[in-house]
Amino acid sequence: MAKMHENEFEISECLVHTLLKSQCSHWANLPLKAIISSGTDNALFRLGSEYVVRLPRIEWAMGSINKNINKEYEWLPKIARFLKIPISEPLFKGNPNNSYPWPWTVTKWNEGHNPNFEKENEYELLAKDLAYFLNQLHGIKLAKGPASRRGISLDKLDVETRKAIGELRGEINIQSVTSLWNQLANVPPFRQEPVWVHGDFLPGNILVQNNRLNAVIDFSDVGIGDPACDLIIAWSLLNSHSRRCFRENLENIDDNTWERGRGWALSIALIMLPYYKNSNPILAMLARRMIENVV
């Protein structure tokens, strides 16, 4: 698998088979095949016809991998009961050993593919599906949920976002982007009860069939917080017509929350572009599209 990060752990089919054989031998004889993905945090392998093995590529911060996997293992089965759309429920939690340093999971396989950028108004029904999914997710009442790292206020992104803007001098219109970030970063913050959020609701984490939503995957950032962070799909996937349709079908999203969503989309794209422009062309293209759509 191609590497996207310095110090990324090398993960092969042979390694995965060894982990399966030693920790869940009942799956060890199933066919195993790497899944080509633009995802940044995890390597994915299809296991038989019903499962996916998901292994972190890199430990971003001390303890984060163990924390996220435990969080998904505890909360996703509970969350799934409230949702009509399938999600990537974990079925097995593997342990680190001498050959692999972090916890890993086996999850359900969900059919579908990541959608391409919208062309001419082809995603109107998908936009409604996405809105309905978020309405259900944001309406879940499960107490004592963990805070999502993406459910925070925009001012906490300011330093990293401005640093990224400086790194993109000559590649984007610095003046207009800085002006827009100043505007969006000062939108009034979320003052209501925090809601359950996905936290990374980008095209790479949704699966579609026939331009309809079929599943949502990768809940590493799941938790409670400001629902604005989940609106990034509007500027990363949809054109203006479907974006309006998406907004019209969202519940409890006021103008300030929508503008904070624009701020999240802009910040994520700006931070993503300099990091991945030489290592992940798909994510670099996505970042440029998001910046263009937001601006």
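A crossing of two helices is called left-handed if the near helix is turned anticlockwise from the far one by less than a right angle, and right-handed if clockwise.

**Entry 1: conventions**

I am working with a predicted model, in which local features need pLDDT of at least 70 and side-chain atom pairs count only at pLDDT 80 or more, whereas totals for chains, interfaces and linings use all residues. Residues are numbered from 1 along each chain as its sequence is written, and side-chain values use heavy atoms, with hydrogens and water left out. I take helices (H or I, at least four residues) and strands (E, at least two) as DSSP runs, numbered from the N terminus.

**Entry 2: helix 8 and helix 9**

I looked up this pair, and helix 8 passes helix 9 in a left-handed crossing. The axes of helix 8 (residues 255-276) and helix 9 (residues 281-294) come within 8 Å and cross at roughly 145°; axes here are lines fitted to C-alpha atoms, for helices over the stretch in contact, and angles run from 0 to 180 degrees between N-to-C directions. Contact means heavy atoms within 4.5 Å, and on the helix 8 side I noted Arg-262, Leu-266, Leu-273 and Tyr-276 among the residues involved, while helix 9 contributes residues including Pro-281, Leu-283, Arg-288 and Val-294. The residues of this contact divide into 16 nonpolar, no polar and 2 charged, where Ala, Val, Leu, Ile, Met, Phe, Trp, Tyr, Cys and Pro count as nonpolar, Asp, Glu, Lys and Arg as charged, and the others, Gly among them, as polar.

I traced an open sheet of 5 strands in the order 1-2-3-5-4, with antiparallel pairing; two strands pair if DSSP finds at least two bridges between them. Strand 1 (32-35) and strand 4 (90-94) are the edge strands, each with a single partner strand, so one side of each has no neighbour in the sheet. From one strand to the next, the twist averages 25°.

I then went through the pairings. Strand 1 and strand 2 (residues 42-47) run antiparallel and are joined by 4 bridges, and Lys-33 stands opposite Arg-46 in strand 2. Between strand 2 and strand 3 I found 6 bridges, again antiparallel, with Val-53 in strand 3 as the bridge partner of Phe-45. The hairpin of strand 2 and strand 3 has 3 residues between the strands, and Gly-48 takes a positive phi near 60° there. Strand 3 also pairs with strand 5 in the antiparallel sense over 4 bridges, and Val-52 stands opposite Thr-107 in strand 5.

How many residues of strand 3 are buried? I found 6 of its 6 residues buried, where buried means under 20% relative accessible area, exposed over 50%, and partly exposed in between (1.4 Å probe, protein chains only). Both faces of strand 3 are covered, with Tyr-51, Val-53 and Leu-55 on one side and Val-52, Arg-54 and Pro-56 on the other.

Helix 1 (residues 13-23) lies across strand 1, strand 2, strand 3 (51-56), strand 4 and strand 5 (104-108), running at about 130° to strand 1, while helix 2 lies across strand 3, strand 4 and strand 5 and runs at about 150° to strand 4.

**Entry 3: helix 3**

I checked the length of helix 3 (residues 124-138): its 15 residues should span 21 Å at 1.5 Å a residue, and the end C-alpha atoms are 21 Å apart, which agrees. The expected span is 1.5 Å times one less than the number of residues. Its buried residues include Leu-126, Asp-129, Phe-133, Asn-135 and His-138, and what covers the buried residues of helix 3 includes helix 2 (64-80), strand 6 (195-197) and helix 7 (240-248).

**Entry 4: single residues**

Gly-145 lies in the loop between helix 3 and helix 4, and at 18% relative accessibility Gly-145 counts as buried. Not counting residues up to four places away in sequence, Gly-145 touches Trp-75, Trp-196 and Ile-224.

Ser-148 is found in the loop between helix 3 and helix 4, and Ser-148 is buried, with a relative accessible area of 3%. The C-alpha atoms of Ser-148 and Val-197 are separated by 7.3 Å, although these residues are 49 residues apart along the chain.

Arg-162, in helix 4 (residues 158-167), is partly exposed at a relative accessible area of 35%. Leaving out residues up to four places away in sequence, I found that Arg-162 touches Thr-178, Trp-181 and Asn-182.
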